[in-house]
Amino acid sequence: MAIEPVPCAPGGGEPVEVNVTTCCAPAIASTPLCRADGTMVLLVVRSGCVECGEAAPDPEVVGWIDPATSTFTPGAAPADAGPCDTGCVDTICVQRCDDTDGDGAADQAYSELWCVRIDGTTELVLTYQSDPSQPYTPVSPVECEYGCVETQTYMLCDDTGTFLRRITIGAGQHLVEDLELDGITPHIVSGTVGACGGDSPCEEPTTPTATVGLCLADGTPIAVVITRDCSGKVTQDGWANLTTGAYTPGTLPADAGPCDTPCVDTICVQRCDDTDGDGAPDQTYNELWCVRADGTTELVLTYEDDPSQPYTPVSPLDCEYGSVQCHTQLLCDDNGPFIRRYTFLSDGTASFEDLQLDGQTPHAVIGTVGACGGSDCEQQTSPAATVGLCLADGTPIAVIVTRDCQGVTREEGWLNLTTGAYSTGRPPAGVVACGESRSIETTGTFCDVDPNTGNVLGLVLIEYSYAADGSVSGVRLVDATTGQTYTAQGEITTCPAGVAQPEQDLIVLCDVAADGTVTSFVRDYRRDENGQITGHTDYTLDGQPYTPAGTVGQCVEPCRATSTLLLCDLPTDGTPTPTVTDNDPSPYYPYSTGVPTAGAQALWDGGTLTLPQAAGPQPGTTGTVRTASAIIQAPRPVCDAGTAHVKVQVDAAQLGPDDGCATTGFIGLYNGPGEANRIALDLAPANTPAGWTGKLTVEADVPAADLAAGNIAVLLAFDAYDDSGGICPGVRRTSWQLSQFDATVVYDQTDCATQFLRNVVTDCQTGQVTAVTDTTLDGQPYTVTGEPGQCKTTGAEDPADPCPAQNVLEACRCDDTDGDGVSDVDYVELLAVDCAGALTSLGTYTADLSAPYTPVAPIDCDAGDPGAEPATAVQAHRVQLAAGQSWSADSFPRLRSVTATAHTGTGTITTAEGDSTLFQGESVMWAIDKDEDARLIGPLTINAATGAVVVNWTEGVDL
């Protein structure tokens, strides 16, 4: 703040009106954004400055900065700017145990640091022991079962004086450390160690205790300071302002009450669980509790070892693994002081052990045991630390105070909370409340003294100016009477006794009423010749007498910090749970072999459906196929891109008793009745063996309007009886079990998210959020209708591929490789479906997609019954050839076998190898040896030469 002229006449006089002039700089905030190429820019937001009492305007975006070039560009952020990827929003440290020697017991402790991200996922970041910079690799992690771990610190004395002894017991270790009173420097024991004290009735100070959790009406946190005297009486000495560090003796202010704050600490509690129901604990788990400033608690998280995996206890009960509580007490017997360590078990029993002061050597009690000392104030006390103060450079410190048995409180020294270093005496000059905003500070009044005559040449104030980091940036001498810059004529030093000080000095303060009303007034301080304040008088700003009625403090210019986030209003209605309703499968399976299955709704609802084998075929057919279908419908969102992705799955099991024949079953997805409207298909394996299990899946993109209208259907069809004749020998009966049916739909909501700016305004002194405002990118008010979230990273589309493939379909194709007009090879064509629904061939492949396939003569596949093949048979024939007669295989297109026998003479046989003699009494035969062979082909001609030749043959016929 600038130095104002003292508003009073020279030498005193009547008060005059104070014209306080102030100015401020606008609050500037920046938030990082990332461009499409990954480079970061800073969005600059400005919050205007106004006069006291006026409403501050809303913040506005004024431009952006390129950190790489430090170039500022006014106006809105680049169009391709979006949110940057964020990392951890919190961390959790978990203690683990390790068995390094292989004996099965924990002998080493280490820690795991877990990262908690904004979406609730966790990741192990670091494993270490005591030093996080040194990674630790556990040998054999085991459960920690150490019992209670305890650390106690005692103030003892040896021949050189007082020192601290810290004893750590448990957790696989026993450690004794002797330290100086600063708690850091090691202490070397000299002479006899014992309890400190003497014969005085109360030689040791007691401990003031600060109780937190209370706040003044304006939100300022305070601590109540209480003490206990040697007789055990507890008194309230006063209270401390935790913001400024100021201590006020006496009772609390009338407006003090509990602070309304979130968690101020967390506590991890180990619990036990009985998972096998035998009444004894066999599993441990942890509970993470939130502790609020008002003393209330709330259970936040229950987990076992991994905080990312919640744990639900089966039957919680008391832990009985060992000691659940430990306590150590310093006592004395006829030989002097010793340590008694108590162990309290969960069954209510207790035990103790007596140790020497080293915390390790057993102690044998002699004589009477009691508290050490014997006077009215024999108990040791400890210094108390008052926090909330900082050095000029911002380093936090704690002021150490003690109170003796007579109730006198004194300041012993101060502790640097960053380095842990302890210093005796008062803190250095320049100490202020942490977080206090200041740039200039003045000291008390000094004198400009002539070193030759000792005459006082002037009264001087020393003004310090501070930089933003808290360091001193300048010093100025100020005339204590006029407030103008002063030029030293002699030596600036403390004023000699009797030298008159400025009669009065003034400061503008603010009176804050309970309802928040702020009144500025002038406080006129009176000082004695040594500069000590002897009283004050309060005036209004126009010089009238004034009596404060609320809380008096320094006037603070309104200070707001604004953070601006680029968020997206994400639609939340694009993944509705579909309704699956059983319906008639006949329109989707219009074949006479089909038999609709009753009770299929149980399958659509997530249950199990059994398709039994059939006793025989359907009338006029050679097979029976059991079918079931359902309509899939889902409500359409407010915004979508016109399509939706439907995925359907079902688990199938072939229960026998026979293996299947050829195509045995399938699941199909349809947008309307009939195969012409089938949009996805998945088949069970050909000749499905009994005992086979698997998951069948179909998925496709469908018009959003058809899904909402209930036009999308799923069909299941599986063989129950199959007598395919020549395809598979014998009758095949198969039964099936269907389960785990699942249908999901996802509407395409590309370009449905709306970008907006969220402006979060906080009080830069208290950190409390004062306002949250959502606006469009051009600053207009915006109301979120979906779920606020991070926007997807912005990027440019490839103009050569404006409508890329959205899905890939498999289409079954057929090939006629021998030119007989009948399909004899199956293959697959992969088709890409773009965002407009157009199909593009990606290539042709073998039926198992193991290699590319080039069709010879693609033809339409058989559109007949996919459940059972047409019935066929084999017809027998016989003819007797007289001499000169012949028989040719060319006359029989479905020939399967031929046998020729010469009886009364010889014959001639013509094949692809030429002519040969059929000798008298010789018989020859040809036949196909696989069901897959279509027919027996020539050339094959049989001639009777000198006698009779008999020809027997078979050929396939349709029934």
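Mentor: Ala662 is found in the loop between β43 and β44 (665-671), where strands are DSSP runs of E with at least two residues, numbered from the N terminus. The phi angle of Ala662 is near 55 degrees, which is a positive value in a residue other than glycine. What you are viewing is a predicted model, in which local features need pLDDT of at least 70 and side-chain atom pairs count only at pLDDT 80 or more, while totals for chains, interfaces and linings use all residues. Residues are numbered from 1 along each chain as its sequence is written, and side-chain values use heavy atoms, with hydrogens and water left out.

Pro657 belongs to strand β43 (residues 643-657), and the peptide bond that leads from Gly656 into Pro657 is cis, with omega near 10 degrees. A cis peptide bond also joins Gly938 and Pro939, with omega about 10 degrees, and there Pro939 sits in the loop between β61 (923-927) and β62 (941-944). A positive phi near 55 degrees, in a residue other than glycine, is also found at Gln740, a residue of strand β48.

By nonpolar core I mean a set of buried Ala, Val, Leu, Ile, Met, Phe, Trp, Tyr and Cys residues joined through side-chain atoms within 4.5 Å, where buried is under 20% relative accessible area, exposed is over 50%, and partly exposed lies in between (1.4 Å probe, protein chains only). If residues up to four places away in sequence are not counted, Phe741 touches Val580, Leu603, Trp604, Val648, Gln649, Val650 and Val714, contact being heavy atoms within 4.5 Å.

Now to strand β42. Of the 11 residues of β42 (residues 623-633), 10 are buried, so the strand is largely enclosed by the rest of the structure. In general, strands of a sheet pair through backbone hydrogen bonds, either parallel or antiparallel; here two strands count as paired if DSSP finds at least two bridges between them. Strand β39 (residues 579-583) runs antiparallel to β42 and is joined to it by 5 bridges, with Thr579 bridged to Gln633. Strand β40 (residues 594-596) pairs with β42 in the parallel sense over 3 bridges, and Val595 has Arg626 as its bridge partner. Finally, β42 and strand β47 (residues 712-722) pair in the antiparallel sense over 10 bridges, Thr627 standing opposite Ala717 of β47.

A search of the whole structure finds 12 aromatic pairs, a pair being rings of Phe, Tyr and Trp (its six-membered ring) with centres within 6.5 Å, called stacked when the planes are under 30 degrees apart, edge-to-face when over 60, and tilted for the rest. Tyr589 and Tyr591 form an edge-to-face pair, at 4.9 Å centre to centre and with 85 degrees between the planes, and Tyr589 is buried, with a relative accessible area of 4%. The ring centres of Trp887 and Phe892 are 5.4 Å apart and their planes stand at 15 degrees, so this pair is stacked. Trp887 counts as buried at 6% relative accessibility, and Phe892 is buried with a relative accessible area of 16%. Ring pairs link Trp887, Phe892 and Trp953 into a cluster.

Notes. Helices (H or I, at least four residues) and strands (E, at least two) are DSSP runs, numbered from the N terminus.
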